[in-house]
Amino acid sequence: MANTSSRTLRLLSLLQTHRYWPGAELADRLGVSARTLRRDIDRLRELGYPVEARRGVDGGYQLAAGAALPPLLIDDEEAVALAVGLQAAAQGAVEGLAESSVRVLAKVAQVMPGRLRRRVEALRAMTVPADWGGPAAAGVDPEILTVVALACRDAEALRFSYTAADGRHSERHVEPHRLVCPGRRWYLVAYDLMRHDWRSFRVDRMAGPRSTGERFRPRELPAEDAAAFVRAGLSNRPGPYRAEALVDAPAETVRARVGRWGTVEEADGGRCRVVLAADALEWPAMVLGTLGAEFQVVGPPELRDLVRELGARFGRAAEEG
C-alpha cells in the first residue's frame, strides 16, 4: 500500500477513536505537517467520510456526529493486501503493533462493502498463525487466496489444478481445512478426496480453484493444528538445502528467536547447533545474521560462500564515503 494510502487509513482510524482531535495533535500523531494533514482530510472527504473542521487557535477535526460511514473504497486485491498485512502485524511480525493492528483490521472491515468484508473476514478467520521467523510471503493471486479461504470457512469441497515441485500437473478434489503462511509461502491444508489422505498444497502452485458447493463435515486433523501439520511435512520433505551452523549462544535463547521453523540442539562449550530446511539460502543467512551471536557455518558450502559474500557487502556498505 502506498504511503499516502496507509497514512489516510491511519487518519481514519484515529478519527474513529476520539470525538475530537486538535489539529496539531493529530498532525503530530501522523508525523506530518498541518498542510499535509489538511490534504489528507480533503482526501477522506472526497471518499465520502463526513469530517468536520473547527477553525481557530484550538482548531481541529472530528467525524460528523451520528453520520454513517460510507464503504471503504478499495478493490479486491487491496482488501486482501490490507488483511494480510495487518494480520501479519497482529501476529507479532512488527514489535509493538499487534494490538493496534487487530483494532485497525476490525474497524476497516466494518466499513468495507459487504462482499469485500466477507472475503477479508474469511481470510482472517481461516489463516492459522505460523510464527516461524521467515521473510515476507511470496506473491499469491489474491483471488485464489480468497476463494480458498471462503471454501475453508464454508466447509465446501474444492477443485483445482496443481503443479507439483517436479512440474507434474494434476487435478485435485479436496476438503479444505485451513490456510497457513509460515513466512515465505502460503499453504492450504486439506483432505485429498482422490488420495484419501491429508495433504498440504502450496497456494502459488494452484490454478483455477473453484468451490463445488458440496458441504462436508470437517475431519479430525492428525496434528496439533494446521501450522504444525505443514511444518512436519516440510521437515520430512527432502528440500534443496539443509543449512546447519554452530551458534555461540545457549540453545534456549536461540530457539526462542528461530521459532518452530528450525531445530536447535545443545552443543559443547555453551554453543548450540541450528538446522534449517530451506528452498533458498538467503533466508537461513538472514536468520543466522539476526541471532545477535557469533556463528560458524557447518554446511552446505553454498551457504558459507553466501555468508562470506554478504559479509563483504555489508563491510563495504559501512565504509565512509
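## A first look at this predicted chain

The chain holds 11 helices and 13 strands; helices (H or I, at least four residues) and strands (E, at least two) are DSSP runs, numbered from the N terminus. This is a predicted model, in which local features need pLDDT of at least 70, side-chain atom pairs count only at pLDDT 80 or more, and totals for chains, interfaces and linings use all residues. Residues are numbered from 1 along each chain as its sequence is written, and side-chain values use heavy atoms, leaving out hydrogens and water.

Let's begin with confidence. The pLDDT is the predictor's confidence in each residue, from 0 to 100. Its mean over the chain is 80, and 74% of the residues reach 70 or more.

Where pLDDT is low, the predicted coordinates should not be read in detail.

Now for the inside. Of the 321 residues in the chain, 42% are buried, where buried means under 20% relative accessible area, exposed over 50%, and partly exposed in between (1.4 Å probe, protein chains only).

Among the buried ones are Pro142, Ile144, Cys152 and Asp154. Just after α7, Ala155 takes a positive phi of about 55°.

A nonpolar core is a set of buried Ala, Val, Leu, Ile, Met, Phe, Trp, Tyr and Cys residues joined through side-chain atoms within 4.5 Å. The largest one has 23 residues, and Val148, Leu158, Phe160, Leu179, Leu188, Val203 and Met206 touch the most other members. Elements giving two or more residues to this core are α6 (114-126), α7, β5 (156-163), β6 (169-180) and β7. The largest share, eight residues, comes from α7. Another core, of 21 residues, lies apart from it, with Ala243 and Cys272 among its members.

Asp192 is buried, with a relative accessible area of 0%. Leaving aside neighbours within four places in sequence, Asp192 is in contact with Arg172, His173, Val174, Asp197, Arg199 and Phe201.

Notes. Contact = heavy atoms within 4.5 Å.
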